[in-house]
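The following paragraphs lead the reader through one structure, from the whole chain to single side chains. Please keep the sequence and the coordinates in view while reading.

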Amino acid sequence: FKAVNDTLGHAAGDFVLESVGRILGDQLRTEDCAARIGGDEFVVIVVGRSDPKTLQAIADRIITRITQPMEFEGQPCKVSASIGIVRSTDLANPDATQLLATADRALYAAKHAGRG
């Protein structure tokens, strides 16, 4: 979002953040949860889904929507997205701190692998 803020201003950056929040809400079920945890980072909790292909399909849909240009006051805003996936079933005794730390590592692995 930094490029949007730098080129079009903070109002455009706020618009993009709100748009991403709406996209996440549109792509999730009512029992799922999406929350902004700071800056341009969000966390998504998908309830009762652990199949890697299902989770990847959700992530792919979200990335596809987020990377479509958004228009703010006649100007296109383009952002990229990277998603790290962690399943609570992969951890022996998952707690919120451990899940977030593992998700953060997965996110950075996605970024280093070429985004997405």
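**From the chain to its side chains**

The accessible surface of the chain amounts to about 7400 Å², and carbon and sulfur atoms account for 52% of it. The model is a predicted one, and the values discussed below should be read accordingly. Of the 116 residues in the chain, 28% are buried.

Four helices and four strands make up the secondary structure, and along the sequence they follow the pattern α-α-β-β-α-β-β-α. The radius of gyration is 15 Å, close to the 13 Å that the globule rule gives for 116 residues, so the chain is as compact as a globular protein of that length. Along the principal axes, the C-alpha atoms fill a box of roughly 50 × 25 × 25 Å. When contacts between residues at least 6 apart in sequence are considered, 46% of them join residues at least 24 apart.

Strand pairing comes next. Strand β1 (residues 33-38) runs antiparallel to strand β2 (residues 41-45), and five bridges connect the two.

Which parts of the chain does an aromatic pair link? A search of the whole structure returns one aromatic pair. Its members are Phe 15 and Phe 72, whose ring centres lie 5.4 Å apart; the planes meet at 40°, so the pair is classed as tilted. Phe 15 belongs to helix α2 (residues 10-27) and Phe 72 to strand β3 (residues 70-72), so that the pair links distant parts of the chain, 57 residues apart. Phe 72 has a relative accessibility of 15% and therefore counts as buried, the cut-off being under 20%.

Leaving aside residues up to four places away in sequence, Gln 75 touches Leu 8 and Met 70. The C-alpha atoms of Gln 75 and Ala 12 are 9.1 Å apart, although the two residues are separated by 63 residues in sequence.

The charged side chains complete the account. How many salt bridges does the structure hold? There are five. In one of them, Lys 2 is joined to Asp 6, with 2.6 Å between the closest N and O atoms. These two residues stand four residues apart in helix α1 (residues 2-8), and are therefore separated by about one helical turn. Lys 2 and Asp 6 are both exposed.

A second salt bridge brings together Arg 29 and Glu 31, at 3.2 Å from N to O. Arg 29, at 27% relative accessibility, is partly exposed, and Glu 31, at 44%, is partly exposed as well. Both residues belong to a network of salt bridges that links Arg 29, Glu 31 and Asp 32.

Arg 87 and Asp 90 form another salt bridge, in which the closest N and O atoms are 2.7 Å apart. Here Asp 90 has a relative accessible area of 48% and is partly exposed; Arg 87, at 23% relative accessibility, also counts as partly exposed.

Notes. Residues numbered from 1 in each chain as written. Predicted model: local features only at pLDDT ≥ 70, side-chain atom pairs only at ≥ 80, totals over all residues. Heavy atoms only, no water. Salt bridge = Lys/Arg side-chain N within 4 Å of Asp/Glu carboxyl O. Buried < 20%, exposed > 50% of the residue type's maximum accessible area, 1.4 Å probe, protein only. Pairing = 2+ DSSP bridges. Phe/Tyr/Trp six-rings, centres within 6.5 Å; stacked < 30°, edge-to-face > 60°. Contact = heavy atoms within 4.5 Å. Rg over C-alpha atoms; globule rule 2.2 N^0.38 Å. Areas by Shrake-Rupley, 256 points an atom, 1.4 Å probe, with all protein chains shown as cover.
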